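Open your viewer, load the model and keep the selection tool handy. We will walk from one stop to the next, with something to pick at each.

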Amino acid sequence: MKSGLVTILGRPNVGKSTLINYVIGSKISIATPKPQTTRFRVLGVKHMKDAQIIFADTPGFHLAKSALNKYMVNLAVSSLEGADLVYLLVEVGDYLGEEYPELFKILKKQKAPVFLVINKTDKYGSEQIQQTGEEFTNVFKFNQVVGISALTGKNVQNLIDKTIEYLPEGPEYFPEGQVTDLTLELRIAEIIREKIIILLQEELPYTTAVNIEEIKERENGVLYVNAVIYVSRESQKGILIGKKGTMIKKIGSFARFEIEQALKKQVYLELTVRVEEDWPKLENKLKKFGYVVPK
Ligand SMILES: Nc1nc2c(ncn2[C@@H]2O[C@H](COP(=O)(O)OP(=O)(O)OP(=O)(O)O)[C@@H](O)[C@H]2O)c(=O)[nH]1
Ligand SMILES: [Mg+2]
């Protein structure tokens with residue numbers, strides 16, 4: 001039996017969450033077209049006959065400096081702890097700008113082998129894929145270079161096979177059937193946040209957080225969920241609620257549909273919008289939403 005932790009690091013929007021969802025075969029980590037979607041370290045467990053791979057999805061590595069941004073990057077970096085293997089996920093067309101020098105410094109300081117995983121190969125020709133590979137292999141010694149498409153699944157099996165080769169002998173860390181470490185509350189909160197990002201991409205900055213205030217199973221078997229959406233300015237409240245409440249209703253029904261599918265039970269979802277002035281800049285407010293790097 002081989003087993004171990006594979007930490008997926010990379011710039012925002014390169015497809016880290018899409019990859020973990022594809023590999024696990026169910027949506028455990030939200031993924032959207034907007035950069036800086038992931039805010040938690042989400043574990044995804046892949047059970048196989050002779051191996052168990054635990055993947056850690058992480059927030060995109062970037063250089064912005066608000067309290068929320070710093071938390072996200074610290075969390076990504078701290079997720080290297082205990083890793084048996086690291087994927088540096090890039091997308092075709094990526095070049096060595098901005099955050100990469102910093103990322104390479106961090107990768108050099110840790111001991112686990114590193115794969116360069118070039119994603120979104122479905123969108124490009126082989127010449128561009130090769131160019132992207134060279135851009136990165138010229139400056140860092142990767143143990144393997146693998147091109148994939150996390151969206152279509154192209155070459156992902158090859159990536160898994162190579163991954164297993166690099167993992168140590170070890171036990172099954174998670175029991176059969178458990179595919180993630182996310183709590184029910186967090187899974188639900190994240191689905192709601194995903195719908196907000198998808199429905200309001202252009203209109204809202206990165207300033208919504210979702211907190212489950214109450215969750216209980218009613219006698220009739222319906223799961224009652226009371227979720228609060230926090231925004232950082234009064235003016236954003238109206239955007240979220242929409243004319244005559246149309247937007248919040250849409251968010252609610254999209255989210256409920258997906259939560260019901262995921263949990264296979266009927267859900268009553270109540271959404272409230274509250275203003276928590278400037279919360280992304282304030283460290284003490286981040287704690288309230290669970291945005292803390294675990295010790
Ligand atoms: N064409 C194509 N699009 C992809 C692929 N993988 C991911 N995407 C798209 O890229 C966008 C970002 O995907 P995510 O999985 O959210 O990216 P991420 O790296 O987790 O982003 P952050 O959480 O913001 O760091 C989404 O619109 C995905 O559908 C791929 O292989 N091909
Ligand atoms: Mg993500």
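This is a predicted model: local features need pLDDT of at least 70, side-chain atom pairs count only at pLDDT 80 or more; totals for chains, interfaces and linings use all residues.

Residues are numbered from 1 along each chain as its sequence is written, while chains are lettered from A and ligands numbered from 1 in the order in which they are written.

**Stop 1: the two domains**

Colour residues 2–166 as domain 1 and 184–288 as domain 2; these bounds come from an automatic or database domain assignment. Their C-alpha centres lie 28 Å apart. At the meeting place, eleven residues of domain 1 are in contact with 14 residues of domain 2 (contact: C-beta atoms, placed from the backbone, within 7 Å). The domain 1 side of this meeting place has six nonpolar residues, four polar and one charged. In this scheme Ala, Val, Leu, Ile, Met, Phe, Trp, Tyr, Cys and Pro are nonpolar, Asp, Glu, Lys and Arg are charged, and the others, Gly among them, are polar.

**Stop 2: the six-stranded sheet**

Now select the open sheet whose six strands follow the order β2-β3-β1-β4-β5-β6, with mixed pairing. Strands β2 (42–47) and β6 (144–147) are at the edges with a single partner strand each, so one side of each lacks a neighbour in the sheet. On average, neighbouring strands here are turned by 25° against each other, direction ignored. Helices (H or I, at least four residues) and strands (E, at least two) are DSSP runs, numbered from the N terminus, and two strands pair if DSSP finds at least two bridges between them.

Zoom in on β1 (residues 2–10) and β3 (residues 51–57), which pair in parallel over six bridges. One pair to pick is S3 with its bridge partner Q52 in β3.

**Stop 3: Y173**

From S3 and Q52, step across to Y173: beyond its neighbours within four places in sequence, Y173 is in contact with S3, Q52 and I54. Y173 sits in the loop between α5 (156–166) and α6 (184–199).

**Stop 4: the three-stranded sheet**

Move on to the open sheet of three strands, ordered β7-β8-β9 with mixed pairing. Strands β7 (residues 209–217) and β8 (residues 223–231) are antiparallel, joined over eight bridges; find V210 opposite I229 in β8. Five residues lie between the strands of this hairpin, where G221 has a positive phi near 90°. Pick Y230 with its bridge partner R274 in β9, then V228 opposite T272 in β9.

Show the helices too. Helix α6 lies across β7 and β8, at about 135° to β7, and α8 (residues 246–263) lies across β8 and β9, at about 135° to β9. The axes are lines fitted to C-alpha atoms, for helices over the stretch in contact, with angles from 0 to 180 degrees between N-to-C directions.

**Stop 5: ligand 1**

Finish by selecting ligand 1, surrounded by 24 residues, of which G15, S17, A31, T38 and G60 are the closest. A residue is near a molecule if its C-beta atom, placed from the backbone, lies within 6 Å of it. Which helix gives the most to this shell? Helix α1 (residues 16–24) does, with three residues. The shell divides into eight nonpolar residues, twelve polar and four charged.

Technical notes: Two residues are in contact if their C-beta atoms, placed from the backbone, lie within 7 Å.
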